[in-house]
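I opened the model today and kept notes as I went. The entries follow in the order in which I looked things up.

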Amino acid sequence: MNYILIAVLLVTAAATRWQSNSKLSENATAVGDISEPDMVTVQGGRFAMGGYENDNEKPIHNVTLSSFKIAKYETTLAHWQQVMGSNPSGRTDCMDCPVTAVGWDDIQAFITKLNTLSGKIYRLPTEAEWEYAARGGTKSKEFDYAGSNDVNAVAWTFANSGSTIHPVGQKQANELGLYDMSGNVFEWCNDWYDETYYANSPEHDPKGPATGPHRVFRGGNRSSEPAKSHVAYRNPFRLGYANLGFRLASSL
């Protein structure tokens, strides 16, 4: 009987230590048994979307967005496991690391369950919202990367990551207090991808093409060259893989 009691106490203590060391508990609001992400309100405004480095970033065009909220951090493996009860990343050594290897459809299932449990309405950011937030919104200082012109200050890339995905929030935040929007892992957006969409994108709250074979991801990752971490970089994908995660958004 004493051995059983000791075992229970050890398991309880370990769980307590895991929660106290987690971004999930430090930077989220508990709702029942489920934690919610720490959200940052992004004041709407007008900005020049796109860039010069790749053809799919052209033309640079003006976009006006309504205010919205976006998560301060990439969704962690701890949060995913708490909501879904699964570990798609397949690692147990870094619960504060972004969840990876999740496809766009997998994320929709996560969001549906989180919304049911929390009574809130979370979603993925649109591509325009993502870039606007990465640029710093109305506080933008026009940096090349999300928060700096020095990629090493704000992003984990192949040049400094040691080929490892890192816990969220270790690099410098951008002007809005958002972390890891450059580097660490690519991030899914809600939009379908069209290489030429910018040529006819509506100015107000664009939501991407009506359909397509792939969704958009943004932001650079731990094994990509630094140039892929610049705020205008975009690319399409269909399924989840080891360097692809996400952060949540919500409408106001």
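**Entry 1: burial and surface.** I began with burial: 50% of the 252 residues in the protein chain are buried. Buried here is under 20% relative accessible area, exposed is over 50%, and partly exposed lies in between, with a 1.4 Å probe and protein chains only. The accessible surface of the protein chain is about 11500 Å², and carbon and sulfur atoms hold 52% of that. The areas are Shrake-Rupley values with a 1.4 Å probe, and for residues only the protein chains shown count as cover.

**Entry 2: ground rules.** I am reading a predicted model, where local features need pLDDT of at least 70, side-chain atom pairs count only at pLDDT 80 or more, and totals for chains, interfaces and linings use all residues. Residues are numbered from 1 along each chain as its sequence is written, and side-chain values use heavy atoms, without hydrogens and water.

**Entry 3: confidence.** I checked pLDDT, the predictor's confidence in each residue from 0 to 100. The protein chain averages 89, and 87% of the residues score at least 70. Residues 1-27 have pLDDT below 50, yet this stretch has 24 contacts in the model beyond near neighbours in sequence. Where pLDDT is low, the predicted coordinates should not be read in detail. A contact is a pair with heavy atoms within 4.5 Å.

**Entry 4: overall make-up.** I found 6 helices and 11 strands in the protein chain. These are DSSP runs numbered from the N terminus: helices are H or I with at least four residues, strands are E with at least two. Of the contacts with a separation of 6 or more, 70% join residues 24 or more positions apart.

**Entry 5: α4.** Helix α4 covers residues 104-118, 15 residues that should span 21 Å at 1.5 Å a residue; its end C-alpha atoms are 21 Å apart, which agrees. The expected span is 1.5 Å times one less than the number of residues. Its buried residues are W104, I107, F110, I111, L114, N115 and S118. They sit on the same side of α4, because they cover an arc of only 130° around the axis. That arc is taken from the directions from the helix axis to the C-beta atoms. On the face turned away from the buried side I noted exposed D105, T112 and T116.

**Entry 6: α5.** How many residues of α5 are buried? I counted 9 of 9 in this helix, residues 127-135. Among them are W130, Y132 and R135.

**Entry 7: an open sheet.** I traced 4 strands in the order β9-β8-β7-β10, with mixed pairing. β9 (234-237) and β10 (244-245) stand at the edges with a single partner strand each, so one side of each has no neighbour in the sheet. β8 (residues 215-218) pairs with β9 in the antiparallel sense over 4 bridges; pairing takes at least two DSSP bridges. R215 stands opposite F237 in β9.

**Entry 8: loops.** The K58 to P59 peptide bond is cis, with omega near -5°. P59 is in the loop between β4 (45-49) and β5 (61-65). E142 has a positive phi near 60° and is exposed at 59% relative accessibility. T157, between α6 (151-154) and β7 (186-192), is buried at 1%. Its contacts, leaving aside neighbours within four places in sequence, include V151, N221 and R222.
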